[in-house]
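Reader: I would like to go through the labels used for this model, and to see each value set against the rule behind it. Could we take them one by one?

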Amino acid sequence: MSARLYLVVIAAICAVGFAEPARIRPDAYLGFRYEPGVETRLLLAGGAEWDFVERAKLFGGFAVGAIDNPGIAHYGIGVSAKVVDFAKVRLQAQVNHDEWTSWQVGENRIAGMVVTEPLRRLELGIGLAWRAPIYDPEQYHSPFKWSSEAPEWNWVYRLDWTFLTRDGFRVALWLANLDRLTIHNPQQFPSGLRASYAAWQHWRLTAQIGTAIKGLSALLFRFTEMDLRLGVSGEL
């Protein structure tokens, strides 16, 4: 029931957005995540952003997993509002729920971030997230359980630079520990490369490869996580 509530809200965003031309950006991707000794997981994810008023947008998404921890993986909703025109400063907030069904562990979190675009195609953001891990086998699936044995605050950050736009291609570098669905510990420095191509009118093919630093020893970084995504995104 709890997951259905999130999905109903996301579906409502999409349904209303489709009634307003050029104001919705749906997307979907097939992902593969590999972390040795932790998880090998396929993900099917989808969601949308909807510019419901001139200076604000709603966004939401969900993902289901296979192989390790099959079933519901992530879902969440959020809002972003422009507050200053100079440097395109905006405030963003989101609520998320994650599940690892095989481990019977979940996590609820709320995050807020100040985001700015000081230069064209360069996005910077900084904020905080409150995380509430759920280790109760009876309640780990609930997005409404906020009491936790190990709650914590985390810094969240984003650097996203689209450094190439040519002939329908866009290529970007990113360093961010928070996206629409997932979060990393800030010291892991998740980063990667994202590319898209305007294959059809209003639709783009998308691809992303990411990793995260798992340790720093003797000035050597260890990259032991792999995150691959292939999908489509649109603007309707």
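Reader: Which residue in S9 is the bridge partner of Thr-162?
Author: Thr-162 has Ala-172 as its partner in S9, and Ala-172 in turn is bridged to Arg-194 in S10. The model is a predicted one, in which local features need pLDDT of at least 70 and side-chain atom pairs pLDDT 80 or more, while totals for chains, interfaces and linings use all residues. Residues are numbered from 1 along each chain as its sequence is written, and side-chain values use heavy atoms, with hydrogens and water left out.

Reader: Which strands make up the closed barrel?
Author: The barrel has 12 strands with antiparallel pairing, in the order S1-S2-S3-S4-S5-S6-S7-S8-S9-S10-S11-S14. Its neighbouring strands are turned against each other by 20 degrees on average, direction ignored; the axes are lines fitted to C-alpha atoms (for helices over the stretch in contact, with angles from 0 to 180 degrees between N-to-C directions).

Reader: Why is the ring pair of Tyr-157 and Phe-189 called tilted?
Author: Rings of Phe, Tyr and Trp (its six-membered ring) pair if their centres lie within 6.5 Å, and planes under 30 degrees apart count as stacked, over 60 as edge-to-face and the rest as tilted. With centres 6.4 Å apart and planes at 40 degrees, Tyr-157 and Phe-189 meet the distance limit and fall into the remaining class, so the pair is tilted. Tyr-157 sits in S8 and Phe-189 in the loop between S9 and S10, 32 residues apart. The pair of Trp-161 and Phe-163 is tilted as well, at 5.4 Å centre to centre and 50 degrees between the planes, and the structure holds six aromatic pairs.

Reader: What makes Tyr-157 buried, and why is Phe-189 called partly exposed?
Author: Buried means under 20% relative accessible area, exposed over 50% and partly exposed in between, computed with a 1.4 Å probe on protein chains only. Tyr-157 has 14%, so it is buried, whereas Phe-189 has 39% and therefore counts as partly exposed. Trp-161 at 40% is partly exposed, as is Phe-163 at 37%.

Reader: How do you know that Arg-120 is exposed and Val-115 buried?
Author: Arg-120, in the loop between S6 and S7, has a relative accessible area of 70%, which is over the 50% limit. Val-115, found in S6, has 0% and is therefore buried. Arg-120 and Trp-161 are 41 residues apart in sequence and 8.9 Å apart, C-alpha to C-alpha, and the C-alpha atoms of Val-115 and Leu-159, 44 residues apart along the chain, are separated by 9.5 Å.

Reader: Which types of residue line the second largest pocket?
Author: Its lining divides into nine nonpolar, six polar and 12 charged residues, where Asp, Glu, Lys and Arg count as charged, Ala, Val, Leu, Ile, Met, Phe, Trp, Tyr, Cys and Pro as nonpolar and the others as polar.

Key: Pairing = 2+ DSSP bridges. Helix = DSSP H or I, 4+ residues; strand = E, 2+ residues; numbered from the N terminus.
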